[in-house]
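Good morning, and thank you for coming.

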Amino acid sequence: MTDDIFDQMSSAISGVALARPVGRITQIAGGIVSIAGLSDAACVGDEVRVIGGTAGGEIVRTSGASIEALIDGTTEGLGLGSNVVLLPRTKFAPHASWIGRVIDPHGKPLDGRPLLPGTRAQPVSAAPPPASERRELGPRLSTGFAVFDTILPIVRGQRIGLFAGSGVGKSTLLSSLAKKVEADVIVIGLVGERGRELREFVEKSLGPDGMARSIIVAATSDRPAQVRRRCPQAATAVAEYFRDQGLHVLLLIDSVTRFAEAHREVAVAAGETANLRGHPASTPAAIAGLCERAGPGTENSGDITAIYTVLVAGSDMEEPVADMLRGVLDGHVVLDRNIAERGRYPAIDVTRSVSRSLPEAANKAENALIQHARRLLGTYAQSELMIQAGLYSTGSDSKIDEAIAAHDALDAFISAEGTHGVAGAFHLLQKALQT
Ligand SMILES: Nc1ncnc2c1ncn2[C@@H]1O[C@H](COP(=O)(O)OP(=O)(O)OP(=O)(O)O)[C@@H](O)[C@H]1O
């Protein structure tokens with residue numbers, strides 16, 4: 001955190017390569033070009049650029065004397081024999097001065113202002129801390145949302161999924177969490193958003209207050225698949241940098257679905273087949289590898305608390321990416337379109353959401369309140385159609401009567417926001433249950 005600007009400058013200058021290997025294009029097939037003459041120097045994941053043109057690409061396969069690169073954009077204008085230069089490996093070195101900035105997955109600024117890298121390169125695809133050395137999940141965090149402070153607690157080092165269809169309030173909820181959750185630094189990875197959406201998120205949803213403690217790593221939808229795939233990995237590397245400084249980082253990734261789609265594009269170009277419910281066989285490992293890097297740190301480091309969003313069409317939780325992700329996380333929160341349509345935000349369907357930090361994260365009395373609230377919400381949800389259709393007559397079932405009586409108060413409780421803290425939120429829940 002204390003690098004001198006001169007250290008940063010000399011480190012940046014020392015990374016400049018004076019000589020670069022050059023190869024020649026030998027084949028062009030779809031978006032893939034084969035290049036001869038670079039196989040001794042190049043590794044999978046390295047980048048190349050066509051000399052005299054604008055096309056670049058990432059090496060996705062090496063075979064014998066040839067390497068194959070997935071080209072960014074179009075191969076139009078490329079020909080056999082064109083010279084291709086192997087670019088020096090990008091040094092991705094996060095730094096405290098990146099806070100408040102919007103960067104791309106290679107650590108380059110996207111907000112039009114100069115940005116210096118730090119002095120310590122961070123691997124973009126790092127291994128997670130050894131499981132045996134990791135601490136346990138930490139204490140409950142104050143989130144600014146009554147429902148997350150009680151029924152669906154988020155604890156330090158927890159990794160949760162936010163499952164939502166399009167337009168049900170995911171971005172709004174993420175930006176509120178970025179502004180309100182107790183954390184030292186917020187790192188937000190935005191994959192595949194449109195340029196306009198990125199700007200709106202930074203300027204309107206997050207605003208200057210949210211940006212003051214955030215770093216946004218973004219790869220908009222027009223960026224090549226390999227850059228979009230790198231985006232959440234780079235955001236995680238930034239979070240790891242701050243975790244290793246002993247800080248508590250909140251990492252928000254929007255969305256794992258777009259990460260999985262970008263991974264599929266790259267993997268299929270590299271020769272895999274997408275035969276695992278529409279995804280290549282490497283997708284579950286890619287998702288698990290990404291999410292495992294967040295979580296509690298080791299003895300001398302901080303923690304990464306992470307929220308990953310997943311796009312689910314028609315609230316289909318069996319959809320492949322949702323299914324793969326649920327298995328590796330410590331909880332999931334479902335946003336429901338019907339709830340959003342009746343105007344209750346955040347549109348969390350508590351009955352289908354789970355925080356695996358319970359029951360440890362709450363005491364006995366608090367767990368009893370949570371179970372009571374869940375029972376009432378569950379009973380109401382099961383009978384909702386009947387109640388709405390006017391087919392239920394009061395007095396027929398005391399449990400349904402109780403659920404109907406508490407419904408409006410619980411609904412208001414779920415949308416309550418504020419600075420009540422965890423104790424205050426439980427007090428609100430108790431009041432809602434006494435209605
Ligand atoms: N807390 C809120 N209070 C009031 N309205 C809200 C709230 N959250 C979301 N909305 C409404 O829902 C709309 C969509 O919200 P948002 O952009 O957050 O959804 P999204 O799921 O991120 O959408 P997309 O999938 O298109 O990115 C907003 O324009 C707003 O009208």
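For the helix pairs, an axis is a line fitted to C-alpha atoms over the stretch in contact, and angles run from 0 to 180 degrees between N-to-C directions. Helices (H or I, at least four residues) and strands (E, at least two) are DSSP runs, numbered from the N terminus. Please bear in mind that this is a predicted model, in which local features need pLDDT of at least 70 and side-chain atom pairs count only at pLDDT 80 or more, while totals for chains, interfaces and linings use all residues. Residues are numbered from 1 along each chain as its sequence is written.

How do helices H10 and H11 cross? The axes of H10 (residues 364–388) and H11 (residues 398–414) come within 8 Å and cross at roughly 100 degrees. H10 is therefore roughly perpendicular to H11, a term for angles of 65 to 115 degrees, with angles under 35 counted as roughly parallel, over 145 as roughly antiparallel and the rest as oblique. Among the residues making this contact are Leu376, Leu377 and Tyr380 of H10 and Ile400, Ala403 and His407 of H11; two residues are in contact if their C-beta atoms, placed from the backbone, lie within 7 Å. By class, the contact of H10 with H11 has 10 nonpolar, 3 polar and 2 charged residues. Here Ala, Val, Leu, Ile, Met, Phe, Trp, Tyr, Cys and Pro count as nonpolar, Asp, Glu, Lys and Arg as charged, and the others, Gly among them, as polar.

The second pair is H3 (residues 170–180) with H4 (residues 195–211), packed at an angle of about 10 degrees with axes 9 Å apart. H3 is therefore roughly parallel to H4. Ser171, Thr172, Ser175, Ala178 and Lys179 of H3 meet Phe201, Ser205, Leu206, Asp209 and Gly210 of H4. The classes in the contact of H3 with H4 are 3 nonpolar, 5 polar and 2 charged.

Is alanine 178, in this pair, buried or exposed? Alanine 178 counts as buried because it has 24 C-beta neighbours inside 10 Å; the cut-off for buried is 20 or more other C-beta atoms within 10 Å of its own, for exposed 12 or fewer, and for partly exposed in between, with C-beta atoms placed from the backbone. Beyond four places in sequence, the contacts of alanine 178 include Ile186, Ile188 and Leu252.

I turn now to the core. The largest nonpolar core has 120 residues, of which Val187, Val217, Ala235, Val238, Leu251 and Leu252 touch the most other members. Such a core is a set of buried Ala, Val, Leu, Ile, Met, Phe, Trp, Tyr and Cys residues joined through C-beta atoms within 7 Å. Helix H5 (residues 225–243) gives the most to this core, with 10 residues.

Two peptide bonds deserve mention. The bond from aspartate 254 to serine 255 is cis, with omega near 10 degrees, and serine 255 sits in the loop between strand E11 and helix H6. The bond from tyrosine 345 to proline 346 is also cis, with omega near -10 degrees.

Finally, which residues surround the ligand? They are Ala164, Ser166, Gly167, Val168, Gly169, Lys170, Ser171, Thr172, Tyr345 and Pro346, where a residue is near a molecule if its C-beta atom, placed from the backbone, lies within 6 Å of it. Helix H3 gives the most to this shell, with 3 residues.
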